Amino acid sequence: MGTATYSVPGVSCGHCEAAITEEVAPIEGVESVVVDLAAKTVTVTAEDPTALDAQVRAAIDEAGYEVAG
Ligand SMILES: [Cu+2]
């Protein structure tokens with residue numbers, strides 16, 4: 001199990017947190033999604049987070065947010 005953390009500067013409130021969680025959590029292999037509103041990061045826990053990188057980025061984009069970097 002590992003984690004991948006994405007910087008998402010646009011997150012600011014519980015709505016953002018819910019929108020991103022709704023898109024990312026259903027991805028097959030994702031164990032948990034933690035949105036840190038203070039740090040403006042999204043941390044995904046999965047067996048192999050690197051393998052899910054493109055899907056996670058697409059899901060965050062789908063939720064209406066941009067991953068920095
Ligand atoms: Cu918000």
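Across which strands does helix H2 lie? In this predicted model, H2 lies across E1 and E3. Its direction makes an angle of about 40° with E1.

## The sheet

The sheet is open and is formed by 3 strands, which follow the order E1-E3-E2 with antiparallel pairing. Its edge strands are E1, covering residues 2-7, and E2, covering residues 30-36; each of these pairs on one side only. From one strand to the next, the twist averages 20°.

Which residue in E3 does serine 32 stand opposite? Serine 32 has threonine 45 in E3 opposite it.

## The helices

Helix H1 spans residues 14-24 and lies across E2 and E3. The angle between H1 and E2 is about 165°. Helix H2, in turn, lies across E1 and E3.

## Alanine 54

Helix H2 comprises residues 53-62, and alanine 54 is found within this helix. Is alanine 54 buried or exposed? Alanine 54 counts as exposed because it has 9 C-beta neighbours inside 10 Å, and a residue with 12 or fewer falls in the exposed class.

How far apart in space are alanine 54 and glycine 14? From C-alpha to C-alpha, the two residues are 24 Å apart, while in sequence they are 40 residues apart. Glycine 14 belongs to helix H1, which covers residues 14-24, whereas alanine 54 belongs to helix H2.

Notes. Residues numbered from 1 in each chain as written. Predicted model: local features only at pLDDT ≥ 70, side-chain atom pairs only at ≥ 80, totals over all residues. Helix = DSSP H or I, 4+ residues; strand = E, 2+ residues; numbered from the N terminus. Buried ≥ 20, exposed ≤ 12 C-beta atoms within 10 Å, placed from the backbone. Pairing = 2+ DSSP bridges. Axes fitted to C-alpha atoms, helices over the stretch in contact; angles between N-to-C directions. Contact = placed C-beta atoms within 7 Å.
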